[in-house]
Amino acid sequence: MSICGISHLTFLVRDLERTARLLVEGLGAREVYDSGTRPHSLSREKFFELGGVWIATMEGEPPAERSYRHVAFQVAAGDLPGYRTRLERLGVDIRPPRPRIEGEGESLYFHDFDNHLFELHAGTLASRLAAYAAAS
């Protein structure tokens, strides 16, 4: 018996359509389901596929406050400027980068419209561990 991986990530959002634009236009997700007027769960929902990950969005009350709790998606470093442009066009709150050590990988942090923090990261666990070991 073992965990096989992450099944899906669920985010509560005020406006499903606005979040759909962020995921599809901003990040390149593919919308695969919309419950419309016939929700089968707790509320109306939309499902997306992004980088092999199932993302569920449901109408509801999002987090009241922002925090550093986030989801990070792996991207190529050369793609970060293009993502920044797309996300800025959608009006999300691009955050300043956090301090990094050499070799850790670049990141683009942004808050969506409902206080969720996302990171687009151009690095891997192996590269981060190597950078940390070299800095010790």
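**Strand pairing and buried residues in a predicted model**

Colleague: Which residue in β8 stands opposite histidine 111?
Modeller: Strand β7 also pairs with β8, residues 117-122, in the antiparallel sense. That pairing extends over 6 bridges. Opposite histidine 111, on the β8 side, stands leucine 117.

Colleague: What phi does asparagine 115 take in the hairpin of β7 and β8?
Modeller: This hairpin has 5 residues between the strands. Asparagine 115 takes a phi that is positive, with a value near 75°.

Colleague: How many of the 6 residues of strand β7 are buried?
Modeller: Strand β7 spans residues 106-111. A residue counts as buried when its relative accessible area is under 20%. Strand β7 is largely enclosed by the rest of the structure, because the number of its 6 residues that are buried is 5.

Colleague: Is glutamate 119 buried or exposed?
Modeller: Glutamate 119 lies in strand β8. Excluding residues up to four places away in sequence, glutamate 119 touches residues including His70, Phe73, Arg100 and Tyr109. The relative accessible area of glutamate 119 is 4%, and a value under 20% defines the buried class. Glutamate 119 is therefore buried.

Colleague: With which histidine does the side chain of glutamate 119 make a polar contact of 2.9 Å?
Modeller: Two polar contacts of glutamate 119 can be set out by partner. One joins the side chains of glutamate 119 and histidine 121 at 3.4 Å. The contact of 2.9 Å is made with the side chain of histidine 70.

Colleague: Which residue in β3 is the bridge partner of tyrosine 33?
Modeller: Strands β2 and β3 run antiparallel and are joined by 4 bridges, with β3 covering residues 45-50. The bridge partner of tyrosine 33 in β3 is phenylalanine 47.

Colleague: What is the relative accessible area of serine 43?
Modeller: Serine 43 is found in the loop between β2 and β3. Leaving aside residues up to four places away in sequence, serine 43 touches Met58 and Glu59. Serine 43 is buried, which requires a value under 20%, and its relative accessible area is 16%.

Colleague: What pattern does the protein chain follow along the sequence?
Modeller: The protein chain contains 3 helices and 8 strands. Of its contacts with a separation of 6 or more, 57% are between residues 24 or more positions apart. Read along the sequence, the pattern is β-α-β-β-β-β-α-β-β-β-α.

Note on methods
Residues are numbered from 1 along each chain as its sequence is written. This is a predicted model: local features need pLDDT of at least 70, side-chain atom pairs count only at pLDDT 80 or more; totals for chains, interfaces and linings use all residues. Side-chain values use heavy atoms; hydrogens and water are left out. Buried means under 20% relative accessible area, exposed over 50%, partly exposed in between (1.4 Å probe, protein chains only). Helices (H or I, at least four residues) and strands (E, at least two) are DSSP runs, numbered from the N terminus. Two strands pair if DSSP finds at least two bridges between them. Contact means heavy atoms within 4.5 Å. A polar contact is a pair of N or O atoms within 3.5 Å; within protein, one must be able to donate a hydrogen and the other to accept it, and residues adjacent in sequence count only if both atoms are side-chain atoms.
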